[in-house]
Amino acid sequence: MSDSTETASDEETQRREVLIVGGGIAGLTAALFTARAGLDTLVYDGGESILRRNAHLENFPGFPAGVNPRLFADMLHAQATRNGVDLVAGRITELREAEDDGFVEAAEDDDEVRADRVIAASWSNTDYLDPVDPEIRSAGSKQFLEDDEDGRTSVDGLYAAGRLAERYHQAVVAAGDGARTAITLIHDSDTPFYHDWVTPEGYFTDRGREVPPGCEEIDETERAARRAESRAAMREYFAEEHEERQRTHPSLVDDEKGRLDGK
Ligand SMILES: Cc1cc2nc3c(=O)[nH]c(=O)nc-3n(C[C@H](O)[C@H](O)[C@H](O)COP(=O)(O)OP(=O)(O)OC[C@H]3O[C@@H](n4cnc5c(N)ncnc54)[C@H](O)[C@@H]3O)c2cc1C
């Protein structure tokens with residue numbers, strides 16, 4: 001994780017517009033969208049995205065020769081924080097409804113966070129949700145949080161995203177589902193929003209339209225600056241082999257192949 005990850009003890013107890021439980025693929029993508037829409041967004045992450053067990057990610061669009069999944073997770077993390085997401089390394093242990101409105105979440109270090117809305121993206125953990133009693137579907141040892149396909153659960157203000165909502169077990173599906181849930185939440189919160197689009201200068205305004213909420217028009221100078229920054233960042237990310245060792249299933253032990261357990 002990048003240096004911008006706070007420890008739970010650094011975090012002041014305050015009210016957030018959006019709290020996301022789980023900083024894996026779905027949670028960080030959802031956070032990217034809510035933060036870019038201007039909602040004050042905090043992610044709590046236990047640091048165990050199951051994607052870290054993948055050996056080489058070859059079916060996420062945009063990487064013709066695939067990408068190291070641990071590097072990919074780090075890049076997603078950096079993209080979220082760059083766009084205004086606050087991240088805390090730690091687990092949420094309990095979610096309950098607040099007396100006034102919204103939710104109170106307790107973390108493993110006894111910190112409490114208040115939030116207007118919560119997105120659960122915590123594959124594969126639902127225990128902390130027990131006090132609010134959402135609809136949960138059990139399938140063998142797995143538990144899935146029921147939703148209306150747009151991310152709303154049976155509890156007002158609580159949303160679900162990614163594998164926890166029983167979406168297909170693929171990274172790009174989890175990312176897309178995180179974005180969809182986030183946009184549902186943005187609309188429910190009455191935040192002015194059209195689409196999260198960056199367009200060339202004049203795309204709207206030369207047609208006599210205001211730039212819609214959530215959109216941005218940028219001129220050629222700004223485009224050139226962003227392209228240059230993007231090239232420099234990608235060169236840096238891919239310059240060296242990622243140092244984190246391969247993760248495997250938690251039931252397997254450290255072995256001569258150099259693998260670590262799943263955590
Ligand atoms: C061995 C293996 C190989 C795979 N290979 C591929 C592949 O090649 N291509 C592909 O598309 N998909 C692959 N997948 C699937 C892909 O990794 C998942 O579908 C995707 O990661 C699901 O995203 P998610 O955000 O729902 O869950 P995750 O990415 O697992 O994120 C969940 C996050 O929630 C956190 N969390 C859980 N409980 C709490 C809590 N109480 N408080 C705070 N945080 C919490 C966890 O620590 C974790 O960081 C593979 C999976 C495995 C196991």
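**Note on the predicted model**

1. The UniProt record, an unreviewed entry, places the feature "domain: FAD-dependent oxidoreductase 2 FAD-binding" at residues 18–49. The structure discussed here is a predicted model. In it, the span 18–49 is 38% helix and 28% strand, and its end C-alpha atoms lie 20 Å apart.

2. The largest nonpolar core has 52 residues, and those that touch the most other members are Val118, Ile119 and Ala120. Helix α1, residues 25–36, gives the most to this core, namely 8 residues. As a general background, nonpolar side chains in soluble globular proteins tend to be buried together.

3. Leaving aside residues up to four places away in sequence, Ile119 touches Val18, Ile20, Gly27, Ala30, Tyr159, Ala161, Thr181 and Leu185.

4. The domain assignment divides the protein chain into domain 1 (6–188) and domain 2 (195–263). Their C-alpha centres lie 18 Å apart. Contact between the domains involves 11 residues of domain 1 and 11 residues of domain 2.

5. On the side of domain 1 that touches domain 2, the elements giving two or more residues are α1 and α2 (69–82). The largest share of that side, 3 residues, comes from α2. By residue type, this side of domain 1 comprises 5 nonpolar, 1 polar and 5 charged residues.

6. Helix α4 covers residues 220–239, and its 20 residues reach 28 Å from the first C-alpha to the last, close to the 28 Å expected at 1.5 Å a residue. Is α4 well covered or hardly covered? Helix α4 is hardly covered, since the count of buried residues among its 20 residues is 0.

Technical notes. Residues are numbered from 1 along each chain as its sequence is written. This is a predicted model: local features need pLDDT of at least 70, side-chain atom pairs count only at pLDDT 80 or more; totals for chains, interfaces and linings use all residues. A nonpolar core is a set of buried Ala, Val, Leu, Ile, Met, Phe, Trp, Tyr and Cys residues joined through C-beta atoms within 7 Å. A residue is buried if 20 or more other C-beta atoms lie within 10 Å of its own, exposed if 12 or fewer, and partly exposed in between; C-beta atoms are placed from the backbone. Helices (H or I, at least four residues) and strands (E, at least two) are DSSP runs, numbered from the N terminus. Two residues are in contact if their C-beta atoms, placed from the backbone, lie within 7 Å. UniProt positions are given in the numbering used here, feature names are shortened, and annotations may be inferred rather than shown by experiment. The expected span of a helix is 1.5 Å times one less than its number of residues. Domain bounds come from an automatic or database domain assignment. Ala, Val, Leu, Ile, Met, Phe, Trp, Tyr, Cys and Pro count as nonpolar, Asp, Glu, Lys and Arg as charged, and the others, Gly among them, as polar.
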